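Here is a short briefing on one strand, its partners and the ring contacts of a predicted model. Please keep the structure open while you read.

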Amino acid sequence: MSKPKPETVERQSALGTVIADMIAADGPVPVDRYMALALGHERHGYYMGRDPFGRAGDFITAPEVSQMFGELVGIWCAAGWQMMDAPAEWNLIELGPGRGTLLADLVRACSVMPGLRDGMKVHLVETSPALKTMQGETLKRAGIDATWHDRLEDVPDGQSLIIANEFFDALPVSQLQKQAGHWHERVVGLGQDGKLAFGVASDPVAPALVPPWAAPGADGDIAEFSPARDAVAREIGRRITRDMGAALIIDYGHMRSAAGDTLQAIRKHQFADVLAQPGEADITSHVDFEALTAAVTADGAKPYGPVMQGDFLIKMGLKEREEMLRVRADARQRIRLSKGAQRLVSGNQMGQLFKVLAVTHPDMPKPAPFNVEPA
């Protein structure tokens, strides 16, 4: 994502009123509950009835920046299919498929591998009715049949390649804050002005609920962790280890677990107040890749990375793919290709903020591009 500018908004949203009434009746809600409501409330949730992507939306993801992103993920999938010994039947699973752009691009790219599409079953994990409709239209134009599921657990068993691009950042996080030597759960309540406001629960949490890395923290520190992310990561790892397969996880975040508040809201490509307009702004937090790696490998799956997105894409052949596309491009298209590639790999844009984690069955060889020795 590019760096948005702060936005100041006073008007309360419809969901903000619902949450305020809920708090007035039942008391403050934990941060993870607030985030889940803001994004997934069945009537007013941010993802339930809108297209958040693109210049007309609130943010732009890598597949919308350039087709090359999805094509290189497709090449990764083709190599992964071969690593699984080219099964006659297999699952291609994407978590949180956006508009379906990534899937369309990657299937087009990996289809150059003879036999790959013959037994490929496409499964999409998506809860938003609006996005399901858009995904269906995109995949129809691309000639791709797919089945939708609300949860990864509902996808049929079998050898699988699993793709998750900017999926984990939108799963709810819990927060603790340390006060007077004790950790308390951070909550959303009502301020004296009646507006939503952050606070902490009065009683400390049990020490067993504090992540080990956070225990020595100082007063004022905030510790983020996500049981929701851990649960999905564990399921990915279980499927890979049980059925044979691999996963590619791409998201923005940090390599190591550390104290800090990374909860953020984005609306119309600008940072917004996390509490000002729930349901009308995208709320995310940085992915803790150390915690995510521990969860996805808990049942024996083998991790590779995480590495910077820029390094991953360059090693997967971004520059070579750009040159191939430039051959048949006009001047305007060449400029767009160059800008897209730069945005994907630049250190001050997506190249370093986004990380890539590959995970495989322990008996599979190293996946691309981790199987390439440094020059």
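**Strand S11 and its partners**

Strand S11 and strand S17 (residues 354–360) run antiparallel and are joined by 7 bridges. Strands, like helices, are DSSP runs numbered from the N terminus; a strand (E) needs at least two residues, a helix (H or I) at least four. Two strands pair if DSSP finds at least two bridges between them. The model is predicted: local features need pLDDT of at least 70, side-chain atom pairs count only at pLDDT 80 or more, and totals for chains, interfaces and linings use all residues. Residues are numbered from 1 along each chain as its sequence is written, and side-chain values use heavy atoms, leaving out hydrogens and water.

**Strand pairing**

- Strand S6 (residues 160–165) runs parallel to S11, with 6 bridges between them.
- Leu-161 is found opposite Ala-246 of S11.
- Strand S15 (residues 287–288) is also parallel to S11, joined by 2 bridges.
- Asp-288 in S15 stands opposite His-254.

**Burial**

- Buried means under 20% relative accessible area, exposed over 50%, and partly exposed in between, using a 1.4 Å probe and protein chains only.

**Aromatic pairs**

- The whole structure holds 4 aromatic pairs.
- One of them is Tyr-252 with Phe-354, which is edge-to-face, at 5.5 Å centre to centre and 70 degrees between the planes.
- This pair links distant parts of the chain: Tyr-252 is in strand S11 and Phe-354 in strand S17, 102 residues apart.
- Tyr-252 counts as buried at 1% relative accessibility, and Phe-354 is buried with a relative accessible area of 1%.
- Tyr-304 and Phe-370 form a tilted pair, 5.9 Å centre to centre with 35 degrees between the planes.
- Tyr-304 lies in strand S16 (residues 302–308) and Phe-370 in the segment after S17, so this pair ties together parts 66 residues apart in sequence.
- Both Tyr-304 and Phe-370 are buried.
- Rings of Phe, Tyr and Trp (its six-membered ring) pair if their centres lie within 6.5 Å; planes under 30 degrees apart count as stacked, over 60 as edge-to-face and the rest as tilted.

**Charge over a ring**

- Arg-186 places its charged end over the ring of Phe-198, 4.0 Å from the ring centre.
- The contact counts if NZ of Lys or CZ of Arg is within 6 Å of the ring centre and within 35 degrees of the ring normal.
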